[in-house]
Amino acid sequence: MPLKVFITGGTTGIGLALAKKYLSVGATVAVTGRSREKYDAIGENRLSFYQVDVADEVEMKKSIEDFISSNSGLDIVIANAGIGYSVKNAIPSFEESRRIFEVNVFGVMNTIAPALNYFKDQEHGHIVAISSIAGYNGLPGTSAYSASKSAVTKLFESYAIDFKRLNIDVTCIHPGFIDTPLTQRNHHPMPFIKTAEQAAEKFYEAIEKKKNYYAYPFFFASLVRILGALPRVLYIKLMQTRALNYSKK
């Protein structure tokens, strides 16, 4: 039987590229998004759509339960929807910061909670989150974004431990710079940037192999991890230098 896959934030970027990849292998796929216009622009009638904000717990539950009942099941749920700052300022917008946590952390919880209830009953399933290499360290101009992605990473480390006994697979994916509407706003260099399609191929393989943890591009992720291993005082001083501190005043 074809896989049944539910992806949040699937009308652009990584989410859309993953949706198209799963369609190409014959899966039944639904995506969420806040914009009907973005979905209509895709022009793919095999792709189901739920117009919902992942920060809305009640509507997310309804959407996933509707997908399950309409398709007689669910195999993989991918919590991909995420947002960042409109501008990477040294002084953050705290209104945007709250919204980032609502989407990037609580939106992930709102996505996996109803799926998890179903997976427990059927005694198998796979939950996936798209985190970020930005969650490894506090980065200039991205305070709430980095913190929210770090939170998702640690949530999924715990889930990987706890859900194993329930026969539920857990995968947390950490992209570097991927060419998406989110990164296209950046005004600084983006080393090792990859297309959404390149990333989707790698992420699909990691999900298929049921890896608990996957970072891409590997070399860039390794460099950022090395920075994370530095003493915090040294790391902060390094990132405060003109060459690396790309936040705007």
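Begin by selecting helix H1 (residues 13-24) and helix H6 (residues 196-208), whose axes come within 8 Å and cross at roughly 60 degrees. H1 is therefore oblique to H6 (angles under 35 degrees count as roughly parallel, over 145 as roughly antiparallel, 65 to 115 as roughly perpendicular and the rest as oblique). The crossing of the two helices, H1 and H6, is right-handed. Helices are DSSP runs of H or I with at least four residues, and strands are runs of E with at least two.

The model is predicted: local features need pLDDT of at least 70, side-chain atom pairs count only at pLDDT 80 or more, and totals for chains, interfaces and linings use all residues. Residues are numbered from 1 along each chain as its sequence is written, and side-chain values use heavy atoms, with hydrogens and water left out.

Next, select Thr153 in helix H5 (residues 143-162). Thr153 is buried at 9% relative accessibility (buried means under 20% relative accessible area, exposed over 50%, partly exposed in between, with a 1.4 Å probe and protein chains only). Its side chain forms a polar contact of 2.9 Å with that of Ser131 and one of 2.9 Å with that of His174; such a contact is a pair of N or O atoms within 3.5 Å, where within protein one must be able to donate a hydrogen and the other to accept it.

Finally, move to Pro217, in the loop between strand S9 (213-216) and helix H7 (218-229). Pro217 is also buried, with a relative accessible area of 8%. Glu123 lies 94 residues from Pro217 in sequence and 33 Å from it in space, C-alpha to C-alpha.

Note on methods. Axes fitted to C-alpha atoms, helices over the stretch in contact; angles between N-to-C directions. Left-handed = near helix turned anticlockwise from the far one by under 90°.
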